Amino acid sequence: MNLKIFIFISFTILIIMNSESFSQEKLQYNDLTKAESYVINNKGTESPFTGKFTKSKENGTYVCRKCGAALYYSSDKFESDCGWPSFDNEIKGAVNRFPDADGMRTEIECANCGAHLGHVFTGERLTAKNVRHCVNSLSLDFVPAQLNPGRYGTAIFAGGCFWGVEYFLQKAPGVISVTSGYTGGQVKNPTYKEVCTGNTGHAEAVKIVYDPDKTTYDKLLKLFLEIHDPTQVGHQGPDVGDQYRSEIFYLNDDQKNIAEKDLKILKDKGLKIATAVTKASEFYPAEAYHQDYYFNNGKVPYCHAYTKRF
Ligand SMILES: [Zn+2]
C-alpha cells in the first residue's frame, strides 16, 4: 500500500475511535459528599454494618459512585458478615489492585477514575472462588439493571407524581433504568406516607441511569421539561403539595450549567419557570410497588403528557 494512503487510513480510524469514546470522556465526575470523599479520595473506611449496600440483595449492577463505571454484578455479591458489601468477582477490567501502604493488604480502586473501593482478600474459603472484594458502600451506587463494562451517567429530576415522569423517561432512547424515589428533604429513609404529608421536605423524584454513548444529559433534561409543566407552583396537574414541585437535582457543575441554559431558553420564550435547580443530596428509592407503576398496571399517566417546548 502507498505509504500516504496508509497514513491517511490510520488517521481516519484513529479519529473514528476517538469520536466513539468522546461522550464517555465528556461525562464529568459526580460531586461527592464529605463522607464519600473521605473514603473515595482519602482511602478511608466506613464503619462496619453502616453502609446502605451491606445487606442488599436486589438484582443489578454496582457502579462507581464517582465516575459511574460498572464494577460489580449483584450475582457475585455474597453474605460475609464482615460488615461491608462483599463480592467474589469483579466486572472484567473494572478494578485495579495495589499493595496497601500497610504492607499487608491489597487495595482495590476503580480502574477508570482511581476511586478507592476497599480491599481484596484471598484464601478465606468463603466462596468457591475464594476471593472477597470488601467494598465500602460509600464508593458505590446501584443500578437495577445488568450493565456492560463502561461508564454510565445519572440524572435526578422531580416533576410531580413520579409514576408519570418515570413512564415517559423510561421510554427514551439510551435510558437504562429509572427509579422512583424521594430526595431534597431532611428525613432519612422516608416512606411514601411520610412524603405525602408534605412535611419531609422531600420531592417525589426519579433517578435515571443512561448510556452516554446513546443519549446526553441535555436531551433527557429537555424531555423532562416537556413531559411536565415547569411553570406550576405547589402542584403538578391534579397532584397538590410541595412534594410535587418541579426541581432539577444536579450531580456536578456540567449538569448545573446545562440546567440553567435550558431553563433560560424557556424563560426567553416567555414561560414563567418555577423549576428549582438544586445540588443533589441522598436519593431514597421508593417502595417496590411504586416502581414501574404504569407498566405493571397497564395504564397510561393521568398526570403527565408531552408538550413540545424546545
Ligand atoms: Zn470510578
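Predicted model: local features only at pLDDT ≥ 70, side-chain atom pairs only at ≥ 80, totals over all residues.

Trainee: Where in the chain do C67 and C110 lie, and how many residues apart in sequence are the parts they tie together?

Mentor: C67 sits in the loop between β1 (61-64) and β2 (70-73), whereas C110 belongs to strand β6 (residues 106-110). The pair therefore ties together parts whose separation in sequence is 43 residues.

Trainee: Which atoms are the protein donors of the zinc ion, and what is the arrangement of the four donor atoms around it?

Mentor: The protein donors are the SG atoms of C64, C67, C110 and C113, lying 2.3 Å from the zinc ion. The angles that the four donor atoms subtend around the zinc ion run from 103 to 116 degrees, and because four donors count as tetrahedral if all angles lie between 85 and 135 degrees, the arrangement is tetrahedral.

Trainee: Is C67 buried or exposed?

Mentor: Buried means under 20% relative accessible area, and C67 has a relative accessibility of 2%. C67 therefore counts as buried.

Trainee: Why do the buried residues of α7 line one face of the helix?

Mentor: Helix α7 (residues 253-268) has 16 residues, and its reach of 22 Å from first C-alpha to last is close to the 22 Å expected at 1.5 Å a residue. Its buried residues include Q255, A259, D262, L263 and L266. An α-helix has 3.6 residues a turn, so residues three or four places apart point the same way. Seen down the axis of α7, the buried residues line one face because they fall within an arc of 100 degrees.

Trainee: What do the buried residues of α7 pack against, and which exposed residues does the face turned away from them carry?

Mentor: The buried residues of α7 pack against β10 (153-159), α6 (217-227), β15 (246-250) and β16 (276-279). On the face of α7 turned away from its buried side, the exposed residues are K264 and D268.

Conventions: Residues numbered from 1 in each chain as written. Heavy atoms only, no water. Donors = N, O, S within 2.8 Å, 3.2 Å for Na, K, Ca; no water. Tetrahedral: all angles 85-135°; square planar, octahedral: opposite > 155°, others 65-115°. Helix = DSSP H or I, 4+ residues; strand = E, 2+ residues; numbered from the N terminus. Buried < 20%, exposed > 50% of the residue type's maximum accessible area, 1.4 Å probe, protein only. Expected span 1.5 Å × (residues − 1). Arc of directions from axis to C-beta. Contact = heavy atoms within 4.5 Å.
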